[in-house]
Amino acid sequence: MPSVKPKATQTASLFLASSQDSLAKQNLPLIVKSLQELSEEEIWWRPNPASNSAGNLVLHLCGNVRQWIISGLGGAEDKRERDREFAEQGPIPRDVLIAQLRRTVREACRVLGRLSDDALARKHRIQGFHVTGLYAAFHVAEHFGYHTGQIIYITKLKRAQDLKFTRLPAIKPAQKGKPKK
């Protein structure tokens, strides 16, 4: 007997699709492009002992997404060792980091794609917190974007140039003297 996906409202479906888009189509490509701009050594460079390298941030994102979405909402076993994400000094090769991050995001998007209204409203115990599924999904999308910005900033520091990641839509200025419709 085929399984039936539990219903999600239009709003829930839009939220989940936006969360998937934020992870897979907006932020992931920026991280991959940033890592490709850095040398293998630069991926593990830390500006100071209190800061993380781009490599540490990628490992941290993998751990966070896996813990909150894949395990917390998807039911997979939680095997996260958070302190190891920050203790790693490398060299884990760029291609391995990128493959791990892509795999993690792909798996998380599959989990998000099958969530129902009930799963979003239900309380989940994640990383010691008691949160709704909606909060967990929002937290991960926001957290992913936050660290994406840090990885981009590290890349800009090392390259000393604009990476040209921001593309705004062309807006035609209103013509003077003509009324707006």
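The sulfur of Cys109 lies 13 Å from the closest cysteine sulfur, which belongs to Cys62, and this is too far for a bond. The structure is a predicted model, and a search through the whole of it finds zero disulfides. The points below look at these two cysteines, then at the helix that holds Cys109, and finally at Ser71 and Asn52.

**The cysteines**

- Cys62 is in no disulfide, since the nearest cysteine sulfur, that of Cys109, is 13 Å away, whereas a disulfide calls for a pair of cysteine sulfur atoms within 2.5 Å.
- Cys62 is buried, with a relative accessible area of 3%.
- Cys109 is buried as well, with a relative accessible area of 14%, and it is listed among the buried residues of helix H5.

**Helix H5**

- Helix H5 covers residues 94–113, which makes 20 residues, and from its first C-alpha to its last it reaches 28 Å, close to the 28 Å expected at 1.5 Å a residue.
- The buried residues of this helix are Arg94, Leu97, Ile98, Leu101, Thr104, Val105, Ala108, Cys109, Val111 and Leu112.
- When H5 is seen down its axis, these buried residues fall within an arc of 155°, so they line one face of the helix.
- The partners against which the buried residues of H5 pack are helix H1 (10–37), H2, H3 and helix H7 (133–159).

**Ser71 in helix H3**

- Ser71 has its place in helix H3, which is made up of residues 54–71, and H3 is one of the helices against which the buried residues of H5 pack.
- With a relative accessible area of 10%, Ser71 is buried.
- If its neighbours within four places in sequence are left aside, Ser71 is in contact with Arg66, Ala76, Glu77 and Asp78.

**Asn52 in a loop**

- Asn52 is found in the loop that runs between helix H2 (40–43) and H3.
- Asn52 is partly exposed, with a relative accessible area of 24%, while Ser71, at 10%, counts as buried.
- Although Asn52 and Phe86 stand 34 residues apart along the chain, their C-alpha atoms are separated by 6.9 Å.
- Phe86 is also one of the residues in contact with Asn52 when neighbours within four places in sequence are left aside, and the others are Trp45, Arg46, Pro47, Leu57 and Ile154.

Conventions. Residues are numbered from 1 along each chain as its sequence is written. This is a predicted model: local features need pLDDT of at least 70, side-chain atom pairs count only at pLDDT 80 or more; totals for chains, interfaces and linings use all residues. Side-chain values use heavy atoms; hydrogens and water are left out. Helices (H or I, at least four residues) and strands (E, at least two) are DSSP runs, numbered from the N terminus. Buried means under 20% relative accessible area, exposed over 50%, partly exposed in between (1.4 Å probe, protein chains only). Contact means heavy atoms within 4.5 Å. The expected span of a helix is 1.5 Å times one less than its number of residues. The arc is that of the directions from the helix axis to the C-beta atoms.
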